[in-house]
Amino acid sequence: MSEKIQLHNLSAHDFEQCLKCSICTVYCPVSAVEPNYPGPKHAGPDLMRYRMKDPDFFNETLKLCLNCKRCEVACPHGVKVGDIIQEARIQYSQHSPSLRDRMLANTDFVGSMATLVAPLTNFFLGLSPAKTVLDKVMKIDHHRQFPAYSGTKFETWFHRHAEAEQQNYKHFVGYFHGCYVNYNYPKLGQDFVKIMNACGYGVHLLEKEKCCGVALIANGLSGQAKRQGENNMQAMRRSLSEGNEAVLTTSSTCTFTMRDEYPDLLKVDNQGVRDSLMLATRFLCQKIDEGKIKLVFRKDYHKKVAYHTACHMERMGWTLYSTQLLKMIPGLDFMMLDSHCCGIAGTYGFKKENYERSQKIGAPLFQQIKEVNPDYVSTDCETCKWQIEMSTGYPVMNPISILAEALDVEATKAVNSY
Ligand code: SF4
Ligand code: SF4
């Protein structure tokens, strides 16, 4: 079966609304460092007119696009520039995914294998000769540090240690944990369960969750991404019909993909799910504003935290929720970093041909973090975490993990026993 989904009715993404003001190009992080990239205005609405007449106008330099959507945030006329570019790549690219691209994109398969022998995998991926082989044979840049794999999957931990007690609560939410939590960092999922339970909510996992598919889309495997998207929507519909108030997430990129890329790029119907699918920080803020839950924090918690806005958080307009929660922690010295792409864009920065560009894009952000000198950087995106930790040496934590660290669990439980 072809890995490309067929988009018979090319949606226009409002490209006729383009005023040719070029503001999108000013905000494009790739245009700023890569003279060979045509830029969002030209690659998007300008060339779309030509591509609709003749697909030969497709240009393979469009693969340099990070899909950060900063052009869409900047556009004063609502043109979905990033979507136009991604759709063109899905529709017209002649570039077949290589073995490397397939490996980077199949996070569920690779994660399942790697966690089986996690100590060996982590040891191997840290060795210089292994990195040299990956660089020469697979074209994965040898500078890149891989995130460590966990010896126990989050799902395994949940079924063994948390699932039974979830029935003790009166209110429930579903949780889409994503690949990073499951295979690399179960602690984030455990922190999420800890907070929700303290707030009076039991947590249910989805039945048969699959990777959201963001890496599949980026690597030309849109057919597989569509199948996984349909599976996830079915699982979420079931979860909501079984009494879970919402389906919550702890990854901004997974959330953005399932809310916006599913219908816009993959033509996966997410109606009836989209409004109930959100980051945990948004759910918590809404419940706090409605007076339904309260968070009580430890008095001895003192940290300086610098918050980085991931590109897809910027696009969703949800930064406010994560920062509002962090600012509620009394002992937290909060600093907002300038909104700037970190340059990794999921699997993009792992590829040898992109590595240097990826680091150039992130350089102003790395510099600012070093100047601020925080205890932690905080961000809602796991791949931003990898990039910032590798490039600055500062530890990066999801806002949910910082909340869990600062939370007075017993006092929070006592005020939320509704
Ligand atoms: S910012 Fe919007 S209106 Fe201006 S050139 Fe880009 S797409 Fe066109
Ligand atoms: S999505 Fe990001 S990288 Fe791609 S054209 Fe828009 S601003 Fe540039």
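1. In what order do the strands of the open sheet with β1 to β4 stand, and is their pairing parallel or antiparallel? The order is β2-β1-β3-β4, and the pairing is parallel. Strands here are DSSP runs of E with at least two residues, and helices are runs of H or I with at least four, both numbered from the N terminus; two strands pair if DSSP finds at least two bridges between them. The edge strands β2 (201-205) and β4 (277-279) each pair on one side only. On average, neighbouring strands of this sheet are turned by 40 degrees against each other, direction ignored.

2. A note on conventions is needed. The model is predicted, with local features requiring pLDDT of at least 70 and side-chain atom pairs counting only at pLDDT 80 or more, while totals for chains, interfaces and linings use all residues. Residues are numbered from 1 along each chain as its sequence is written, chains are lettered from A and ligands numbered from 1 in the order in which they are written, and side-chain values use heavy atoms, leaving out hydrogens and water.

3. Within the sheet of point 1, β1 (residues 171-176) and β3 (residues 247-249) are joined in the parallel sense over three bridges. Tyr-175 stands opposite Leu-248 in β3. Helix α15 (residues 252-266) packs on this sheet and touches β1, β3 and β4, where contact means heavy atoms within 4.5 Å. The direction of α15 makes about 160 degrees with that of β4; axes are lines fitted to C-alpha atoms, for helices over the stretch in contact, and angles run from 0 to 180 degrees between N-to-C directions.

4. Another open sheet has four strands in the order β6-β5-β7-β8, with parallel pairing. Because β6 (332-336) and β8 (396-397) stand at the edges with a single partner strand each, one side of each is left without a neighbour in the sheet.

5. Strand β5 (residues 303-307) pairs with β6 over five bridges and with β7 over three bridges, in the parallel sense. Ala-306 has Met-335 as its bridge partner in β6 and stands opposite Val-377 in β7. For Lys-304, the bridge partner in β6 is Asp-333. Helix α18 (residues 319-327) lies across β5, β6 and β7 (376-378), at about 155 degrees to β6.

6. Ligand 1 is surrounded by residues including Cys-18, Cys-21, Cys-24 and Cys-75, a residue being near a molecule if one of its heavy atoms lies within 4 Å of it. This shell divides into eight nonpolar, one polar and two charged residues. Nonpolar covers Ala, Val, Leu, Ile, Met, Phe, Trp, Tyr, Cys and Pro; charged covers Asp, Glu, Lys and Arg; the others, Gly among them, are polar.

7. Around ligand 2 stand, among others, Cys-28, Cys-65, Cys-68 and Cys-71. By class, the shell of ligand 2 has 10 nonpolar, one polar and one charged residues.
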